[in-house]
Amino acid sequence: MGSETEDKALKAVGLELMFLTPEKYSNTDGITAVELAKLVDLPVEIVKKKLQILKDKNIVRSKGMSPKFWLFDDYNFQRLDDDDEIFHLLCNFDDVDFDKFFTY
(Lines give C-alpha, C1' and ligand atoms only; values in the text may rest on other atoms or scores of the structure.)
Protein backbone atom coordinates (compact mmCIF):
# COMPACT_ATOMS: atom_id res chain seq x y z
CA MET A 1 0.00 0.00 0.00
CA GLY A 2 1.13 3.59 0.33
CA SER A 3 2.13 5.78 3.19
CA GLU A 4 0.63 5.68 6.65
CA THR A 5 -1.62 8.65 5.81
CA GLU A 6 -3.07 6.78 2.86
CA ASP A 7 -3.73 3.80 5.10
CA LYS A 8 -5.59 6.03 7.55
CA ALA A 9 -7.67 7.54 4.75
CA LEU A 10 -8.46 4.11 3.32
CA LYS A 11 -9.34 2.82 6.78
CA ALA A 12 -11.54 5.86 7.49
CA VAL A 13 -13.45 5.41 4.22
CA GLY A 14 -13.72 1.63 4.63
CA LEU A 15 -14.90 1.73 8.23
CA GLU A 16 -17.38 4.53 7.56
CA LEU A 17 -18.93 2.43 4.80
CA MET A 18 -18.78 -0.73 6.91
CA PHE A 19 -20.75 0.86 9.76
CA LEU A 20 -22.96 3.04 7.56
CA THR A 21 -26.61 3.20 8.53
CA PRO A 22 -29.44 4.40 6.25
CA GLU A 23 -29.91 7.50 8.43
CA LYS A 24 -26.49 8.78 7.32
CA TYR A 25 -27.25 8.98 3.61
CA SER A 26 -29.87 10.77 1.56
CA ASN A 27 -30.65 8.05 -1.01
CA THR A 28 -31.77 4.45 -0.48
CA ASP A 29 -29.13 3.32 -3.02
CA GLY A 30 -26.25 4.35 -0.71
CA ILE A 31 -23.98 7.29 -0.06
CA THR A 32 -22.27 9.60 -2.55
CA ALA A 33 -18.54 10.28 -2.46
CA VAL A 34 -19.33 13.89 -1.49
CA GLU A 35 -21.47 12.82 1.49
CA LEU A 36 -18.82 10.29 2.51
CA ALA A 37 -16.04 12.90 2.23
CA LYS A 38 -17.95 15.13 4.67
CA LEU A 39 -18.37 12.25 7.14
CA VAL A 40 -14.68 11.29 7.12
CA ASP A 41 -13.43 14.88 6.76
CA LEU A 42 -11.27 14.19 3.70
CA PRO A 43 -11.13 15.79 0.24
CA VAL A 44 -13.56 14.25 -2.27
CA GLU A 45 -10.75 13.27 -4.69
CA ILE A 46 -8.99 11.22 -1.99
CA VAL A 47 -12.28 9.57 -1.01
CA LYS A 48 -12.93 8.65 -4.67
CA LYS A 49 -9.46 7.05 -4.95
CA LYS A 50 -10.04 5.04 -1.76
CA LEU A 51 -13.48 3.95 -2.97
CA GLN A 52 -11.88 2.68 -6.18
CA ILE A 53 -9.33 0.65 -4.18
CA LEU A 54 -12.15 -0.88 -2.14
CA LYS A 55 -14.21 -1.47 -5.29
CA ASP A 56 -11.25 -3.26 -6.92
CA LYS A 57 -11.30 -5.62 -3.91
CA ASN A 58 -15.07 -6.10 -4.39
CA ILE A 59 -15.86 -4.97 -0.85
CA VAL A 60 -17.82 -1.90 -1.92
CA ARG A 61 -20.19 -1.60 -4.83
CA SER A 62 -21.50 1.40 -6.70
CA LYS A 63 -24.83 2.10 -8.30
CA GLY A 64 -25.65 4.80 -10.80
CA MET A 65 -23.44 7.12 -12.79
CA SER A 66 -23.91 10.73 -11.78
CA PRO A 67 -23.94 10.68 -8.87
CA LYS A 68 -22.58 7.28 -7.95
CA PHE A 69 -23.96 5.76 -4.76
CA TRP A 70 -21.71 3.49 -2.70
CA LEU A 71 -22.47 0.64 -0.29
CA PHE A 72 -20.30 -1.79 1.64
CA ASP A 73 -20.49 -5.43 0.53
CA ASP A 74 -20.29 -7.40 3.76
CA TYR A 75 -20.58 -10.76 2.02
CA ASN A 76 -17.51 -10.15 -0.17
CA PHE A 77 -15.63 -8.62 2.75
CA GLN A 78 -16.13 -11.82 4.76
CA ARG A 79 -14.78 -13.80 1.81
CA LEU A 80 -11.48 -11.86 1.63
CA ASP A 81 -8.38 -13.87 2.40
CA ASP A 82 -7.21 -13.55 6.03
CA ASP A 83 -3.81 -12.45 4.72
CA ASP A 84 -5.23 -9.61 2.63
CA GLU A 85 -3.79 -6.24 3.67
CA ILE A 86 -7.12 -4.41 3.31
CA PHE A 87 -8.85 -7.10 5.39
CA HIS A 88 -6.23 -6.53 8.12
CA LEU A 89 -6.53 -2.76 7.81
CA LEU A 90 -10.31 -2.82 8.28
CA CYS A 91 -10.20 -5.43 11.06
CA ASN A 92 -7.61 -3.59 13.17
CA PHE A 93 -9.77 -1.74 15.69
CA ASP A 94 -6.96 -0.60 18.03
CA ASP A 95 -7.34 3.08 17.19
CA VAL A 96 -11.06 3.14 16.29
CA ASP A 97 -13.52 5.30 18.21
CA PHE A 98 -16.78 3.37 17.88
CA ASP A 99 -18.79 6.22 19.42
CA LYS A 100 -18.36 7.91 16.03
CA PHE A 101 -20.38 5.13 14.35
CA PHE A 102 -23.00 4.34 16.98
CA THR A 103 -25.27 6.33 19.26
CA TYR A 104 -26.01 4.63 22.53
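This is a predicted model: local features need pLDDT of at least 70, side-chain atom pairs count only at pLDDT 80 or more; totals for chains, interfaces and linings use all residues.
## The β1–β2 hairpin

Strand β1, which covers residues 60–63, pairs with strand β2, residues 69–72, and the pairing runs in the antiparallel sense over 4 bridges. At one of these positions V60 has F72 of β2 as its bridge partner. The hairpin formed by β1 and β2 has 5 residues between the strands, and in this hairpin G64 takes a positive phi near 90 degrees.

## Salt bridges

In the pair formed by D29 and K63, the closest N and O atoms are 3.2 Å apart. This pair links distant parts of the chain, since D29 sits in the loop between α1 and α2 whereas K63 belongs to strand β1, 34 residues apart. D29 counts as partly exposed because its relative accessible area is 26%, and K63 is likewise classed as partly exposed, with a relative accessible area of 48%.

The side chains of K57 and D84 also meet in a salt bridge, with a distance of 2.5 Å from N to O. K57 lies in the loop between α3 (44–56) and β1, while D84 lies in the loop between α4 (74–78) and α5 (85–91), and the pair therefore ties together parts that are 27 residues apart in sequence. With a relative accessible area of 31%, K57 is partly exposed, whereas D84 is buried because its relative accessible area is 11%, a value under the 20% limit for that class.

A further salt bridge joins R61 to D73, and here the closest N and O atoms are 3.7 Å apart. R61 is located in strand β1 and D73 in the loop between β2 and α4, so this pair ties together parts that are 12 residues apart in sequence. R61, at 42% relative accessibility, counts as partly exposed, while D73 counts as buried because its relative accessibility is 14%.

## L39 in helix α2

Helix α2 comprises residues 33–40, and L39 is one of its residues. L39 is described as partly exposed because its relative accessible area is 35%, which falls between the 20% limit for buried residues and the 50% limit for exposed ones.

When residues up to four places away in sequence are not counted, L39 touches E16, L20, K24 and I31. The C-alpha atom of L39 is separated by 8.9 Å from that of V13, a residue 26 places away along the chain.

## The largest pocket

The largest pocket holds about 200 Å³ of space. Its lining is made up of K8, K11, A12, L15, E16, V40, D95, V96, D97, K100 and F101. Helix α1, which spans residues 4–18, supplies the largest share of this lining, namely 5 residues.

By residue class, the lining of the largest pocket divides into 5 nonpolar and 6 charged residues, with no polar ones. Among the lining residues, E16 is also one of the residues that L39 touches, and V40, another lining residue, falls within the range of helix α2, residues 33–40.

Note on methods:
Residues are numbered from 1 along each chain as its sequence is written. Side-chain values use heavy atoms; hydrogens and water are left out. Two strands pair if DSSP finds at least two bridges between them. Helices (H or I, at least four residues) and strands (E, at least two) are DSSP runs, numbered from the N terminus. Buried means under 20% relative accessible area, exposed over 50%, partly exposed in between (1.4 Å probe, protein chains only). Contact means heavy atoms within 4.5 Å. On a 1 Å grid over the protein atoms alone, a cavity is a set of points where a 1.4 Å probe fits but cannot get out, and a pocket is an open set with protein on both sides within 12 Å along at least five of seven lines; lining residues have an atom within 4 Å of a point. Grid points are joined across faces, edges and corners, and a volume is the space filled by probe spheres set on the points. Ala, Val, Leu, Ile, Met, Phe, Trp, Tyr, Cys and Pro count as nonpolar, Asp, Glu, Lys and Arg as charged, and the others, Gly among them, as polar. A salt bridge is a side-chain nitrogen of Lys or Arg within 4 Å of a carboxyl oxygen of Asp or Glu.
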